[in-house]
Amino acid sequence: MSSTELPETRTAAAPPASRSRAVRVADGEELRSVTLPGLSLNVRARPGDRPGLPSALYVHGLGGSSQNWSALMPLLADLVDGEAVDLPGFGVSPPPADGNYSVTGHARAVIRLLDSERRGPVHLFGNSLGGAVATRVAAVRPDLVRTLTLISPALPELRAQRSAWPTALLALPGVSSSFARLTRGWTPEQRVRGVMALCYGDPGRVTDEGFLHAVEEMERRLELPYFWDAMARSSRGIVDAYTLGGQHGLWRQAERVLAPTLLVYGGRDRLVSFRMARRAATAFRGSRLLTLPDAGHVAMMEYPETVAQAARELIADHGGS
């Protein structure tokens, strides 16, 4: 799955896909687009505090974007030169030309990005769907991963929580379009509150400014003609990955990961069961486990300082500057 193609890189305040509505860029961040054959990826960079720091790559979850890492990246900028990618069809990255939204397809996009820029090995971070993607990348291309940090990774569960069922239902043909029609009257504010209630252990931790930024991003995404298709196909990709057995199964690949691994699980996670923490700690050899009883599905957004401290210790012990 290696790639040697060189990317065409453009650096700007906002990539072309966002002309109709501006994309938020936090202080100290830079946006650029990387164009490869059949694939264009938006990359949100948070340069390290000094030259020569090792690279880190952050991969978001289903329905998320590179903005999900804006709270964590500056807390690690003295240790790593950080970049967060918008997976194909999410954030500002357009859909992939081949329409492949599977976990393997997303993993291939990450691998192509790293190979084309010759940035590996990196300190790789993944949340939810991004955690499954990062697991696959670390298993099939160990040369690209220095350390692995997984926050509520979407690994197969035999008995998923009821609160996670709606996400799985999006994978069924026709459901996403029906849901889009049924919720046409919902305001962006209502949608954001629903997402936060699902993803945060305590939505009250979100600041008023953070809520307004999330509403602006929701408004922008709802204008994208491929928004619901990307959600549905990526949901289907997760479900399909759950059914794979043998060497391609995610748990089998977790056992093959060689990179030192940090696992982060939230006790109030409504999408990935907290009980999966023990199984994950067993599957990833020699891994470290951080459990946050009050956190939800996006601990790096809800408790960035705590997650950063655990990541700092991992990076310092294994290839930090």
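Strand β4 (residues 55-59) runs parallel to strand β5, and 5 bridges join the two. This is a predicted model, in which local features need pLDDT of at least 70 and side-chain atom pairs count only at pLDDT 80 or more, while totals for chains, interfaces and linings use all residues. Residues are numbered from 1 along each chain as its sequence is written, and side-chain values use heavy atoms, with hydrogens and water left out.

**Strands around β5**

- Strands are DSSP runs (E, at least two residues) numbered from the N terminus, and two of them pair if DSSP finds at least two bridges between them.
- Strand β3 (residues 39-46) pairs with β5 in the antiparallel sense over 4 bridges.
- Glu 83 of β5 is the bridge partner of Leu 57 and also of Ala 45.
- Because 4 of the 5 residues of β5 (residues 81-85) are buried, this strand is largely enclosed by the rest of the structure; buried means under 20% relative accessible area, with a 1.4 Å probe and protein chains only.

**Nonpolar cores**

- A nonpolar core is a set of buried Ala, Val, Leu, Ile, Met, Phe, Trp, Tyr and Cys residues joined through side-chain atoms within 4.5 Å.
- The largest such core has 53 residues, of which Leu 124, Leu 148 and Phe 284 touch the most other members.
- Apart from it lies another core of 35 residues, including Leu 72, Val 215, Leu 271 and Tyr 303.
- In soluble globular proteins, nonpolar side chains tend to be buried together.

How values were computed
Buried < 20%, exposed > 50% of the residue type's maximum accessible area, 1.4 Å probe, protein only.
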